[in-house]
Amino acid sequence: MSRCLSTLPNNQVYTGSWGDHDGIIHCKLGEIVHYDLGEEPEPRREAPVFDKPTRGTSVEKFREMVFNHLKSKLGEQANLASLVGEILSFSDGNKDGRVSLPEARSAWALLQMDEVLLGLLLQDRGHTPRLLGYCGDLYMTERVPYGPLYGLSLPWPLVSWVPSGVQRTMDQWFTPSWPRKAKISMGLLELVEDIFHGTYGSFLICDLAAAHFGYTERHELRLTNTRAVVPEHELRRTMRTLRCDTDDDCVYGADCRTTCDLSEKRCREEPLQPNLAKACGALKDYLLRGAPSELREELERQLYACMALNGNAGQMNMEHSLILNNLKALLWRQISHTKDS
């Protein structure tokens, strides 16, 4: 391990190596044990997730455990059975054709972490860093060459000392050339729509911040913080249980919002904004700064139309697709003849 990337004692993140791979190592430590200076720290307590499956559990029973766990997270999905098969194959760490009890326990512990589960679910379209290896709740993902999406990635000791206004100004100055920004933006727009129309259901990005994305040399976007994502099934289930007095009580994460049904004093299930609208909001200042003068007015109009989209189901396939295609066509006309394309 070479560099610590996290300030959270129970969720440690490092750059490092695993065999021949360089990547990002994540280690979730669970309960934090406090101790006085001068004393030896207590050894890490074994997490309860490593108790399952129990000795004597058959592979079929383990398959049923995984199926029920996925169903509770994603709701009814037609292809859950095939997903379970993929996870069982993935659980066979030494590839000997069978899942041993230690392998099953290690995979089960991994699946309890929502950020890992969501990373696996979105990996099939290349939207999250690949999982390179794991042992229980310690795992390693590939390193994304460029991140955050724009601006400077400050060392964590400086983050709390730099005022947010100064950080935003710095972010605006330290950005790629405009054609490169356009290509990156197209990748982000496609990514957020793909995540909404996921292979295993719909997912909402509930904290669409530039720091949660990175990209490769080929401008392929990666969601580097899957904690920002929630299955739509889970969001709706959570909102049904929330009591409210105002709309401000109906917030999930940083910016997934619904409205308050004042007659029932309950939050409604329908999200107010789709992923695409939030992506356009995140890209507005990024794309408009340095945009070609002949493009700027139309680009601004398209971005504001995109930001005005709401979560109404009737709009999803028509208006969303139209705005997404218009934006991509507008950007592509400007960069198709450049080396950045």
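1. Accessible areas here come from the Shrake-Rupley method with a 1.4 Å probe. On that basis the accessible surface of the chain is about 18100 Å², and carbon and sulfur atoms hold 51% of that surface. The model is a predicted one.

2. Overall make-up. The chain has 341 residues, of which 44% are buried. Its secondary structure consists of eleven helices and 13 strands. Taking contacts between residues at least 6 apart in sequence, 60% of them join residues at least 24 apart.

3. Salt bridges in total. Side chains of opposite charge can pair when their charged atoms come close. The structure contains 17 salt bridges. Some of them are taken up below.

4. Arg130 and Glu142. These two side chains form a salt bridge with an N to O distance of 3.8 Å. Arg130 sits in the loop between helix 4 (114–122) and strand 4 (131–135), while Glu142 belongs to strand 5 (residues 138–142), so the pair ties together parts twelve residues apart in sequence.

5. Arg236 and Glu270. A salt bridge, 3.8 Å from N to O, joins the side chains of Arg236 and Glu270. Arg236 is in helix 8 (residues 232–241) and Glu270 in the loop between strand 13 (266–267) and helix 9 (275–288); the pair therefore ties together parts 34 residues apart in sequence. Arg236 is partly exposed at 23% relative accessible area, and Glu270 is partly exposed at 43%.

6. Lys265 and Asp245. In the salt bridge between Lys265 and Asp245, the closest N and O atoms are 3.3 Å apart. The pair links distant parts of the chain, 20 residues apart: Lys265 lies in the loop between strand 12 (260–261) and strand 13, and Asp245 in the loop between helix 8 and strand 10 (251–252). Lys265 is partly exposed, with a relative accessible area of 32%. Asp245 has a relative accessible area of 52% and counts as exposed because that class means over 50%.

7. Which residues do salt bridges with shared partners join into one network? They are Glu232, Arg236, Arg240, Glu269 and Glu270. Arg236 and Glu270, the pair of point 5, are directly bridged to each other.

Terms used: Residues numbered from 1 in each chain as written. Predicted model: local features only at pLDDT ≥ 70, side-chain atom pairs only at ≥ 80, totals over all residues. Heavy atoms only, no water. Salt bridge = Lys/Arg side-chain N within 4 Å of Asp/Glu carboxyl O. Helix = DSSP H or I, 4+ residues; strand = E, 2+ residues; numbered from the N terminus. Buried < 20%, exposed > 50% of the residue type's maximum accessible area, 1.4 Å probe, protein only. Contact = heavy atoms within 4.5 Å.
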